[in-house]
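Subject: Structure for you to look over

Hello,

Here is the structure I promised. Please open it next to this message and read the notes below with it on screen.

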Amino acid sequence: MSSTTFNWRFIEQKTVLPGFGLSLGVSVLYISLVILLPLSALFVYVSDMSAAQYWAAVTHPRVLASYRTTLSAAFWSTVLVSLMGLLLAWVLSRYEFFGRRFIDGLIDLPFALPTAVAGLTLATLFAPNGWVGQLLAPLGIKIAFSWYGIVLAMSFTSLPFIVRSVQPLIENLDQSLEEAADTLGATAWQRFHLVVVPILLPGLITGASQAFIRCLGEFGAVIFIAGNSPYQTEVSSLMIFVRLAEYDYASAAAIASVVLAASLLLLFGLQLMQNRIFNKKH
């Protein structure tokens, strides 16, 4: 018993970070200042409203239209980046080619680039007189200032979540499993969806969930390319901004609370799913 105690103390003294009490205290303080305090301010505004006022604020026809626009654009954006992100992660992990490191670095550009700059750039490129938009205009395809522009902007900002979630799994994938399936006569498609996909599925689900959550709250990249037409191309984050511009802080907080609740439910659901997958594996 004394030997075990001595070894534990020795390990504790050699740890790089400070003790549990100090580490936990600093962590809780940081979370309180950066996350809990702003959230509490949000609920203070909401608490001043009656149930009828809150319901009227979050179910206004214009607000409901913004929910539909946000959810539909976020869904299709997530589907698009899941497919493209998986393909990009596979190419970057399995092949060596000129410019590979440059492309790999570009994946993280949406994290470093201000979203407003991204939205302005996309709007300039895909406007009817833009470099890309003028090529699409004769075909009757309108990207900027439409619902498709929202999907494009959301896809740009959420792509890294898919790639960075799946790429490590592909790099650590044991290729002997694919070789064994090939030896047993499996086709390329069978090897992919029966051997590779089950291994990549947890990372793909995690990345897709994070991408969808990011899309729900996207603002800067969307407002410059969406057109912001009421009942058509307004997203929920823009509705919050509109209410703030009208000095209706309570309604803005009410709409924000709906978006926050949806994001938290998705995050907690993702955490439960990850725990179940981990427990099944172990």
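Predicted model: local features only at pLDDT ≥ 70, side-chain atom pairs only at ≥ 80, totals over all residues.

Residues are numbered from 1 along each chain as its sequence is written, and side-chain values use heavy atoms, with hydrogens and water left out.

**What the record says**

UniProt, in an unreviewed entry, lists "domain: ABC transmembrane type-1" for residues 67-268. UniProt positions are in the numbering used here, feature names are shortened, and annotations may be inferred rather than shown by experiment.

In the model, residues 67-268 are 77% helix and 0% strand. The end C-alpha atoms of that span lie 21 Å apart. Helices (H or I, at least four residues) and strands (E, at least two) are DSSP runs, numbered from the N terminus. Residues 249-273 are 100% helix, with end C-alpha atoms 36 Å apart. Residues 105-127 are 78% helix, and there the end C-alpha atoms are 27 Å apart.

**The cores**

A nonpolar core is a set of buried Ala, Val, Leu, Ile, Met, Phe, Trp, Tyr and Cys residues joined through side-chain atoms within 4.5 Å. Buried means under 20% relative accessible area, exposed over 50%, partly exposed in between (1.4 Å probe, protein chains only).

The largest core has 22 residues. Ile150, Met154 and Val222 touch the most other members. Helices that each supply at least two residues of this core include helix 4 (61-94), helix 9 (147-171) and helix 11 (188-216). A second, separate core has 16 residues, among them Leu92, Ile162, Val166 and Ile170.

Which residues does Met154 contact, leaving aside its neighbours within four places in sequence? They are Thr70, Ala73, Ala74, Ser77, Cys215, Val222 and Val235. Contact means heavy atoms within 4.5 Å.

**Helix 4 and helix 9**

These two helices pack at an angle of about 40°, with their axes 6 Å apart. Axes are lines fitted to C-alpha atoms, for helices over the stretch in contact, and angles run from 0 to 180 degrees between N-to-C directions. Helix 4 and helix 9 are therefore oblique to each other. Angles under 35 degrees count as roughly parallel, over 145 as roughly antiparallel, 65 to 115 as roughly perpendicular and the rest as oblique.

**Single residues**

Ser66 lies in helix 4. Ser66 is buried, with a relative accessible area of 1%. Not counting residues up to four places away in sequence, Ser66 touches Glu234, Val235, Ser236 and Met239.

Ala256 is in helix 14. Ala256 and Met239 are 17 residues apart in sequence and 9.2 Å apart in space, C-alpha to C-alpha. Beyond its neighbours within four places in sequence, Ala256 contacts Leu42 and Ile240.

Most residues other than glycine have a negative phi. Phe145 has a positive phi, near 60°. Phe145 sits in the loop between helix 8 (133-136) and helix 9, and is partly exposed at 38% relative accessible area. Tyr247 also has a positive phi, near 60°. Tyr247 is in the loop between helix 13 and helix 14 (249-281). Tyr247 is exposed, at 64%.

Best wishes
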